[in-house]
Amino acid sequence: MTAVLQVSNLRKTFGGITAVDGVSFEVRDGEILGIIGPNGSGKSTLFNCVLGQLLPTGGQVHVDGKPTTGMRPCDLNRLGVSRTFQLLQVFPQLSVRDNLIVAGQEHQGSMYTRLFGRADAGLGDAADRMIEFFRLSHLADEQAGSLSYGQQKLLDAAMAFMAGPRLVLLDEPAGGVNLTMLANLRERLQAYHSEHKATFVVIEHQMEFVMALCTRVLVLAEGRIIAGGAPQEIRSNPAVIDAYLGHGSARP
Amino acid sequence: MNRLGIIVVGAAVIFAIAVPFFLKPFGIYLISMWAVLTIAAMGLNLTLGYAGQISLAQGAFVGIGAYTTALLIQAGWPYPIVFISAGLLCFAIGWGLGYPALRVQHHYLAFVTLAFTTLVFLVLRNEEWLTRGIYGISGIARPTLLGWSTANARDFYFFCLGALTVIAAATWWMLRSPWGRAFIALRENPIRALSLGLDTRRYTLMAFAIGSGLAGLSGALYAPLVQFIEPNSFALGLSFNLLLMVIVGGGGCFFGPFVGALVAVLLPEWMRITQSYYLMVYAAIVMLLLAFCPSGLLGLIERVIKATRGRRGPDGIAPNAERANP
């Protein structure tokens, strides 16, 4: 199977602090890879280095075999790599539909053909389908800033899917979402995954969410990968329990 | 635009066409100045209101446009080519001034653009071989277009109004295109915009360049309107005044600059009845307006409309739910 994303020996230091310390892994086509780890273990820094938001100190990143280390996020996105952020990142003063159109429009033609093309960049129908898929139809014309937190979280995820990406990196999708919305979000992500054969990488704290969603899990601690495998194996791995779940964990 | 909006805009257009027939020459001069400065304010609204890049250089670009126009007219160039040249020159310089905006934001960017304005002022004042320094350039002829002489005040007003209409239509159309959406995304969340494939560098430069280009076109009308230009007209005061127009009208609202320019051009004149206190009264009114309505006059109107609709509650959305981050 081909590796959609290949990270080799990635390092990132901030002054004297090593946030990511020689991390290597592959993401295979069609899988949902979870990356877990305690706060400060380097998960978000790893994401930011992979996605061009930060320039790594060392190591390489390849997407579909193409070297992408240090590529600008907008160019990487046009290669089909999309992401969500830990904190909500919608455009509050645009409508829900415009949030989705803006998330896909840069993939339509060039900047100059878009100026003379259709106002919705030909994405109106695609946006409406995405809105329907995430069950936000009744809110399509509302300003995104007026939506509830959970609804914005759904919109945030929908925006990452709008351009039909090859690979989606989700940074704590479950953060701050209540249980009902969480089940809804997970179910929608799974439905999208099976419908579009997409490949996901998910950073998450919420263990139940990761265990239910992911097909494979990596555990990061102090900037290194300390374990990897199927969710069930990870749950019973003593090194993981020690580093992440803690001795007092009562989880079965 | 909804039906109410079309009625209001239609009434405003009829008013703008009819009003010069009831005004004395000075009144016509003022409304011409309104049309000219609205174009520059519309440019700044694009840069600041839509794309979120603060600029205190808009007045300097009006100056560059005005001087370009004055010099080229006196060199005998035909006016249409002069008009376009002034816009293109400012577009190019504006693109260059956009580069600092890629590195610094907010008040740092304000200072960069403020320094640029000072630089332009010094060039206009000191480079006498080109600009004639503090003596200024006088006797700038108004154009004759296809046999229509605009030398008369009312004719020149109609020429300015026509230019404003064409430029406003083009700007409206651009803001409705994917570019308008991209500019707002750039203002609201540049990091997310970048991660969604928006080339934020290019959009930032473009926002500066187009905004400056509109200021250049405004300058190309300014020079033949006042017929005498000198460096002081384009010092910081004009840039601040244009910024005031955008903010008072409502930044990021398409019609904001029209309303803001009306306030900034007419209010000081009406305040003249208060004699020497007029600037103080004017300043106090502006302060009160911004304290109670930071989203500008159009923001205030929008809020009133939404509040009355919200009370009727057709879609069940609470009226205070909009503008999550004003």
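How many helices and strands make up the secondary structure of chain B? The count comes to 14 helices and four strands. Keep in mind that this is a predicted model.

**Overall build of chain B**
- Chain B has a radius of gyration of 20 Å, and a compact globule with 326 residues would come out near 20 Å, so the two agree.
- As for burial, 45% of the 326 residues in chain B count as buried.
- Taking the contacts in chain B with a separation of 6 or more, 75% come from residues 24 or more positions apart.

**How α11(B) and α12(B) cross**
- Helix α11 of chain B covers residues 236-249 and helix α12 of chain B covers residues 256-270.
- Their axes come within 7 Å and cross at roughly 120°.
- The crossing of α11(B) past α12(B) is right-handed.

**What meets what**
- On the α11(B) side, the contact uses B:Asn241, B:Leu244, B:Met245, B:Val246, B:Val248 and B:Gly249.
- Across from them, α12(B) brings in B:Gly256, B:Pro257, B:Phe258, B:Val259, B:Gly260, B:Ala261, B:Val263 and B:Ala264.
- Sorted by class, this contact has ten nonpolar residues, four polar ones and no charged ones.

Key:
Residues are numbered from 1 along each chain as its sequence is written. Chains are lettered from A and ligands numbered from 1 in the order in which they are written. This is a predicted model: local features need pLDDT of at least 70, side-chain atom pairs count only at pLDDT 80 or more; totals for chains, interfaces and linings use all residues. Helices (H or I, at least four residues) and strands (E, at least two) are DSSP runs, numbered from the N terminus. The radius of gyration is taken over C-alpha atoms; the globule rule is 2.2 Å times the number of residues to the power 0.38. A residue is buried if 20 or more other C-beta atoms lie within 10 Å of its own, exposed if 12 or fewer, and partly exposed in between; C-beta atoms are placed from the backbone. Two residues are in contact if their C-beta atoms, placed from the backbone, lie within 7 Å. Axes are lines fitted to C-alpha atoms, for helices over the stretch in contact, and angles run from 0 to 180 degrees between N-to-C directions. A crossing is left-handed if the near helix is turned anticlockwise from the far one by less than a right angle, and right-handed if clockwise. Ala, Val, Leu, Ile, Met, Phe, Trp, Tyr, Cys and Pro count as nonpolar, Asp, Glu, Lys and Arg as charged, and the others, Gly among them, as polar.
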